[in-house]
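Student: I have a model open and want to learn how to read it. Where do we begin?

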Amino acid sequence: MSFEGAKDIISTINDTGMVINVSVTLFIFARFILALGEAGNFPAAIKTTAEYFPKKDRAFATSIFNAGATVGALAAPITIPFIAKAFGWEMAFIIIGALGFVWMGFWVLMYDKPEKHPRVSATELEYIQQDDIANGKLEGYVPESTKKVSLAQCFKYKQTWAFVFGKFMTDGVWWFFLFWTPAYLSSVYNMDSTQAAFPLFVLYMITLFSIIGGWLPTYFVEKKGMEPYAGRMKSMLIFAFFPLLALIAQPLGHLTYWIPVIIIGIAGAAHQAWSANIFTTVGDMFPKKAIATITGIGGLAGGVGSTFLNKGSGMLFDFSKETEMIFMGFKGIEAGYFIIFSICAVCYLIGWSVMKLLVPKYSPITDL
């Protein structure tokens, strides 16, 4: 939930006569605690995907669990307000937060590595381990070292820097669209939160098409005979072109607000498809024991990139609005959004180009 959303809830409750002491600092602290708890989710999920799926299927599996974020965004506006109204805004936070502990309970009780899991059959295990079998790692081979991988070691490899740069360049775009689209509809089209609800719902529904992005590398591997990393990079290049539509979102936005909404939805779907594939490049290159660490490093880089883009966007929007800035025929806040949309449009192609330059072909790490 954004701070604006929290303020809406608080304002509603204040109208009833309740006195609530809330500050931006307290809200930021709460978000910081949330980040600490959430930070381990993606590294663990990516490592689990690498353990349970062969390389050709990992992007598809990742795109499915990655779509959970979109499902959550769709579910939030139709559940949280009702919980807050029925039980109070405090319980909205408590109930939603408690669901994380329920999920963790199932995880602790049900998860184990596939070779140890009692519900994984011999046939399933053979399918999971097909990459090891193809590489000659048959039964009886010496398993990879369990020695912990240090952060310093990770930064020695260009594969790490390729993943870091790809995340740095693109994560901010997703968070920009996620955070600023409601403000965009309000600033440019004068929509209040109720008027924007349905367009935002449609936008998030469009992003669910990102699951196709996880399937595409499997198609390239099985039907075109491509090596998994090559198929993944080709898929990422395809998805890197879709955000270019953001270049026309503002110019055509005067016709109807549905044009930028649909374009942002398509760009969001392309990002999630890109994200599913860039995550699985880590499993392509690094041994399983290093996957969570590398994923965490990339997540940090994505967070830094998101901070720069979103903070810079806010500063630009304030400046463009106060000075009535004119750029490419747009004036004021619309000029600011056109500039940021243009930056977001090219981030993926820049990210892909640098990744390809750093790791032009499949080059797994074998000395960790």
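Tutor: With a definition. Contact means heavy atoms within 4.5 Å. Keep in mind that this model is predicted. Here, among contacts with a separation of 6 or more, 77% join residues 24 or more positions apart.

Student: How many helices and strands are there in the protein?

Tutor: The protein has 16 helices and 2 strands.

Student: What share of the residues count as buried?

Tutor: Of 368 residues, 43% are buried. The accessible surface is about 20,000 Å², and carbon and sulfur atoms make up 69% of that surface.

Student: Take R58. Is R58 buried or exposed?

Tutor: The cut-off for buried is under 20% relative accessible area. R58 has 7%, so R58 counts as buried. R58 sits in helix α4, which covers residues 55–87.

Student: Which residues is R58 in contact with, beyond its neighbours within four places in sequence?

Tutor: The list is T49, A50, F53, D131, T280, G283 and D284.

Student: Now helix packing. What describes two packed helices?

Tutor: The angle between their axes and the distance between the axes. Take α14 (residues 258–285) and α15 (residues 288–323). Their axes come within 9 Å and cross at roughly 145°. The crossing is right-handed.

Student: Which residues in α14 and α15 meet?

Tutor: From α14, F279, V282 and G283; from α15, I291, I294 and T295. By class, this contact has 4 nonpolar residues, 2 polar and no charged ones.

Notes. Residues numbered from 1 in each chain as written. Predicted model: local features only at pLDDT ≥ 70, side-chain atom pairs only at ≥ 80, totals over all residues. Heavy atoms only, no water. Helix = DSSP H or I, 4+ residues; strand = E, 2+ residues; numbered from the N terminus. Buried < 20%, exposed > 50% of the residue type's maximum accessible area, 1.4 Å probe, protein only. Axes fitted to C-alpha atoms, helices over the stretch in contact; angles between N-to-C directions. Left-handed = near helix turned anticlockwise from the far one by under 90°. Nonpolar A, V, L, I, M, F, W, Y, C, P; charged D, E, K, R; others polar. Areas by Shrake-Rupley, 256 points an atom, 1.4 Å probe, with all protein chains shown as cover.
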